[in-house]
Amino acid sequence: MKKQLLYLIFLFIGLFVTNTYSQNINATLTLNPYPSPYLNDWENNPAALGSLTIFNNSRTGFKIIIKASVALHGTGEVFTSVTNPIQLNEQAVQIINNTKLISIADASFKNNEYKLKVQQSGRLLEGVYTVCLTIENINGAVLASNVCSDFTILYPSAPQLIFPANNDSIESNINYPTFQWTPVIVPPAYQIKYTIRIVEVLQGQTPSQAISANVPVYENNQLMTNVFVYPIDAFPLETGKKYAWQVQCLDQYGLPATQNQGRSEIFTFVKKKLLLHLTQNLISLDSPNNNEAIKTNTPKFSWSFTPP
């Protein structure tokens with residue numbers, strides 16, 4: 001009985017070793033150095049992050065499981081994930097894209113603060129990341145390990161103000177000027193709104209101080225496009241006064257959608273003073289003279305015209 005048991009154990013070990021040896025692979029992880037930060041892209045866009053190239057040296061078909069560890073520099077490991085079994089065929093080279101490689105929806109987060117921010121915003125936090133993969137067969141034998149690569153998450157650029165240009169002057173007769181800035185490009189499922197803030201710059205203030213401290217002349221946080229016409233029912237912009245304006249982009253959760261906390265730079269403009277231009281009289285009165293006494297009931301009036 002003992003001999004039979006030992007025989008079965010050695011037979012199992014022999015089959016396990018033989019099978020593992022026959023499942024000989026190498027792998028290369030190629031990542032976009034600056035991928036999309038949005039989880040929606042990672043799950044639906046095969047080119048959002050990158051791909052794993054597997055070189056199947058055994059030329060046999062078998063199933064593998066990929067374990068991923070994702071670390072944020074300065075924080076450490078933030079989450080891990082494990083794929084469902086993936087069938088490799090007999091082809092020498094096979095490519096697995098990011099939609100099958102890392103599932104953030106099923107990930108196990110190691111940092112609760114990081115997890116909360118990712119779930120609230122729907123995107124990874126900014127920073128430099130390292131991804132390391134371990135590839136195993138379905139029996140748990142390691143076929144490849146320390147398959148690593150780095151990537152950097154950068155949020156989209158903040159809105160850039162276009163018009164009125166910085167230090168611009170608006171004509172005194174333009175009561176409802178148009179404001180324009182560059183749009184922020186995000187995935188379709190990601191909702192953003194713009195907030196425009198216009199304040200008067202008081203004497204001795206910098207534009208930044210005015211934006212931070214002064215009560216807005218006008219503010220609107222429900223703008224859906226990057227062009228805005230000053231409304232007729234808003235507080236009138238006064239001639240001769242200096243104004244500062246800024247735009248901020250927020251997502252559907254009220255979180256900044258871009259770099260710099262979603263805020264653009266600050267521009268200023270002045271509404272010109274109304275100038276009355278006195279022009280030379282083109283018509284001269286000839287007769288009667290100024291303050292002349294009239295001695296007839298039928299005076300004669302005459303004048304002359306001088307072309308400009």
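Reader: Where does Ala144 sit?
Author: Ala144 is in strand β9; strands here are DSSP runs of E with at least two residues, helices are runs of H or I with at least four, and both are numbered from the N terminus. Bear in mind that this is a predicted model, where local features need pLDDT of at least 70, side-chain atom pairs count only at pLDDT 80 or more, and totals for chains, interfaces and linings use all residues. Residues are numbered from 1 along each chain as its sequence is written, and side-chain values use heavy atoms, with hydrogens and water left out.

Reader: Ok. Is Ala144 buried or exposed?
Author: Ala144 is buried, at a relative accessible area of 12%. Buried means under 20% relative accessible area, exposed over 50%, and partly exposed in between (1.4 Å probe, protein chains only).

Reader: And what is Ala144 in contact with, leaving aside neighbours within four places in sequence?
Author: Leu133, Thr134 and Ile135, with contact meaning heavy atoms within 4.5 Å. There's also Ile66, 78 residues from Ala144 in sequence, with a C-alpha to C-alpha distance of 9.6 Å.

Reader: What about Asn260, where does that lie?
Author: Asn260 is in the loop between β16 and β17 (267–271). Asn260 has a positive phi of about 55° too, and is not a glycine. At 53% relative accessibility, Asn260 counts as exposed.

Reader: Switching to aromatics. How many aromatic pairs are there?
Author: Twelve aromatic pairs, under this rule: rings of Phe, Tyr and Trp (its six-membered ring) pair if their centres lie within 6.5 Å, and planes under 30 degrees apart count as stacked, over 60 as edge-to-face and the rest as tilted. One of them is Trp42 with Phe151, an edge-to-face pair at 5.8 Å centre to centre with 65° between the planes.

Reader: Which parts does that pair tie together?
Author: Trp42 is in helix α2 (residues 39–44) and Phe151 in strand β9 (residues 142–153), so the pair links parts that are 109 residues apart in sequence. Trp42 is buried at 2% relative accessibility, and Phe151 is buried at 1%.

Reader: And how are the rings of Phe179 and Phe228 arranged?
Author: Their centres are 6.3 Å apart and their planes at 35°, so that pair is tilted. Phe179 belongs to strand β12 (residues 178–181) and Phe228 to strand β15 (residues 227–229), so parts 49 residues apart in sequence are tied together. Phe179 is buried at 0% relative accessibility, and Phe228 is buried at 8%.

Reader: Which aromatic cluster does Phe179 belong to?
Author: Phe179 forms one with Tyr218, Phe228, Tyr230, Tyr243, Trp245, Phe267 and Phe269.

Reader: Now helix α4. Which of its residues are buried?
Author: Tyr114, Val118 and Ser121 are the buried residues of α4 (residues 112–121). Down the helix axis they fall within an arc of 80°, so they line one face; the arc is that of the directions from the helix axis to the C-beta atoms.

Reader: What do the buried residues of α4 pack against?
Author: They pack against α2, β3 (62–72), β4 (76–82), β7 (108–109), β8 (127–137) and β16 (242–251). On the other side of α4, Asn112, Glu113 and Gln119 are exposed.

Reader: What comes just after α4?
Author: Gly122, with a positive phi of about 75°.

Reader: One more local thing: which peptide bond is cis?
Author: The one from Phe163 to Pro164, with omega near 0°. Pro164 is in the loop between β10 (161–163) and β11 (168–170).

Reader: And the whole chain, how many helices and strands?
Author: Five helices and 19 strands. Of the 308 residues in the chain, 38% are buried.
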